[in-house]
Amino acid sequence: QLKILLLAGVAGLRRNEIDKLLWTSFRWEEAILRMETNAHFDPKTEESLADISLDEEMVMLFQNWEKESTSEFVIESRVAPRSGLLYSHYRCRTIFAALVTWLRQCGITSDKPIHVLRKEYGSQLCAKYGIFVASKALRHADIHITSQHYVDQNTAPKPGLGFMLTEHTASIKPAQGKTM
């Protein structure tokens with residue numbers, strides 16, 4: 001469950017990407033996760049195929065987990081992958097369900113609690129680096145998807161340039177009976 005939590009919330013992966021992720025997708029020396037088509041996974045869109053930058057701490061954690069792994073998949077499951085289906089089949093369905101239960105206990109009420117982690121990943125990137133970086137990191141075709149569905153729009157942005165006005169406005173007094 002922790003691996004899924006991190007892959008969704010710290011790397012922005014989708015459920016199907018997590019379910020079919022292979023250890024060979026990690027590029028340890030470059031600190032990236034390469035989302036690519038494999039024998040078990042076809043991407044949602046062409047834009048989904050990209051390199052995802054990873055924090056050093058994330059790289060170390062997953063490197064250690066790979067050493068202990070007995071599977072080609074990052075998330076181990078007794079259920080074999082199924083290809084060519086007309087519906088979404090998850091090898092890790094029971095692990096996803098357990099994580100969803102825990103997320104709901106933590107107060108996440110969304111219909112898709114694991115996807116909320118991906119949304120938060122995008123919102124944090126947007127707040128720190130802007131919508132274009134967030135859109136690219138989420139691997140969206142364009143920023144419209146990012147702005148409509150992923151970015152926290154509850155906070156009104158302030159440019160943070162008020163400090164430039166301080167010395168100029170210090171001597172200005174509001175007209176009597178009027179407020180600024």
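Helices (H or I, at least four residues) and strands (E, at least two) are DSSP runs, numbered from the N terminus. By this scheme, Arg 14 lies in the loop between H1 and helix H2 (15–19). The model is a predicted one: local features need pLDDT of at least 70, side-chain atom pairs count only at pLDDT 80 or more, and totals for chains, interfaces and linings use all residues. Residues are numbered from 1 along each chain as its sequence is written, and side-chain values use heavy atoms, with hydrogens and water left out.

The protein has eight helices and three strands. Along the sequence they follow the pattern α-α-β-β-β-α-α-α-α-α-α. Of the 180 residues, 34% are buried (under 20% relative accessible area; exposed is over 50%, partly exposed in between; 1.4 Å probe, protein chains only). Contact means heavy atoms within 4.5 Å. Among contacts with a separation of 6 or more, 53% join residues 24 or more positions apart.

Two buried arginines lie in loops. Arg 14 is buried, at a relative accessible area of 12%. Leaving aside residues up to four places away in sequence, Arg 14 touches Lys 44, Ser 48, Arg 118, Leu 138, Arg 139 and His 140. Arg 139 lies in the loop between helix H6 (131–138) and helix H7 (143–150). Its relative accessible area is 3%, and Arg 139 is buried. With residues up to four places away again not counted, its contacts include Gly 12, Arg 14, Glu 17, Glu 47, Ala 50 and Arg 118. Arg 139 and Ala 50 are 89 residues apart in sequence, yet 7.1 Å apart in space, C-alpha to C-alpha.

Aromatic residues were examined next. A pair of aromatic rings is described by the distance of the centres and the angle of the planes. Rings of Phe, Tyr and Trp (its six-membered ring) pair if their centres lie within 6.5 Å; planes under 30 degrees apart count as stacked, over 60 as edge-to-face and the rest as tilted. The count comes to six aromatic pairs. Phe 26 and Trp 28 have ring centres 4.6 Å apart and planes at 10°, so this pair is stacked. Phe 26 also forms a stacked pair with Phe 62, at 5.4 Å centre to centre and 25° between the planes. Phe 26 lies in strand S1 (residues 26–27) and Phe 62 in helix H3 (residues 56–68), so their pair ties together parts that are 36 residues apart in sequence. Both Phe 26 and Phe 62 are buried. For Phe 26, the relative accessibility is 5%. Ring pairs link Trp 23, Phe 26, Trp 28, Phe 62 and Trp 65 into a cluster.

Helix H3 also meets helix H1 (residues 2–9). Axes are lines fitted to C-alpha atoms, for helices over the stretch in contact, and angles run from 0 to 180 degrees between N-to-C directions. The axes of H1 and H3 come within 12 Å and cross at roughly 145°. From H1, Leu 2, Lys 3, Leu 6 and Leu 7 meet Met 58, Leu 61, Phe 62 and Trp 65 in H3. These contact residues divide into seven nonpolar (Ala, Val, Leu, Ile, Met, Phe, Trp, Tyr, Cys and Pro), one charged (Asp, Glu, Lys and Arg) and no polar (the others, Gly among them).
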